[in-house]
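Here is a short report on salt bridges. Have the sequence and the model at hand as you read.

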Amino acid sequence: MEEIAVIVLALFGILIIVRCNLEMNQEAQSRARMTEEKLRWMHDIKGAVSRYCSLIEQYKNSRMLSSDKKASRGQLHQIKEEVVELDAYLKLYLNWAQDGKILTLLNELTTAVLTEVDLSDFAYRKLLDEYQKMLKVEWEIVKTEVSKGRELKKEEKGRFMN
């Protein structure tokens, strides 16, 4: 009878170990998926910002060319459409509370393109600077989460943003 009790306890112990291992594996897979999604988000943002800035440059250059070499109205219209599309795309990726500077700069640049006003180099460069800062913070958070093996709490993430 004691042998049966020992076997039952051993099996019960094995089941507990298996269950714990499964739960830890699921948590690890979940963290890996979150990290992968954050990295994909960062990649998508970089691509969209790159394209947006390229369009802003095209717009600026077309405004500086002599009248016979200026972009046609059709080309300007196409640039405007893409700028508006990327403006919306980028805004959907941002957090209104944390990314206010970026949103303000996007609004300023997009409005300038739509109203065909000359763009300041300052706003354009500042936009790039702000995105680089944001992506650097996000990268540091991702690296820290991976090294700690868990998602950081809001307070912990806040330390990176100051």
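## A buried glutamate and its partner

Glu130 is buried, at a relative accessible area of 9%. Buried means under 20% relative accessible area, exposed means over 50%, and partly exposed lies in between (1.4 Å probe, protein chains only). Lys126 is partly exposed, at 25%.

The two form a salt bridge: the closest N and O atoms of Lys126 and Glu130 are 3.0 Å apart. A salt bridge here is a side-chain nitrogen of Lys or Arg within 4 Å of a carboxyl oxygen of Asp or Glu. Lys126 and Glu130 sit 4 residues apart in helix 4 (residues 121-148), so about one helical turn separates them. Helices are DSSP runs of H or I, at least four residues long, numbered from the N terminus.

## Basis of the model

The model is predicted: local features need pLDDT of at least 70, side-chain atom pairs count only at pLDDT 80 or more, and totals for chains, interfaces and linings use all residues. Residues are numbered from 1 along each chain as its sequence is written, and side-chain values use heavy atoms, leaving out hydrogens and water.

## A pair in helix 2

Asp87 and Lys91 also form a salt bridge, with the closest N and O atoms 3.0 Å apart. Both lie in helix 2 (residues 73-93), 4 residues apart, about one turn of the helix. Asp87 and Lys91 are both buried.

## Other bridges

Lys148 and Glu156 meet through their side chains in a salt bridge of 3.6 Å, N to O. Lys148 is partly exposed at 45% relative accessibility. Glu156 is buried at 12%.

Glu36, Glu37 and Arg40 form one network, joined by salt bridges that share partners. The whole structure holds 14 salt bridges.

Note on methods: Helix = DSSP H or I, 4+ residues; strand = E, 2+ residues; numbered from the N terminus.
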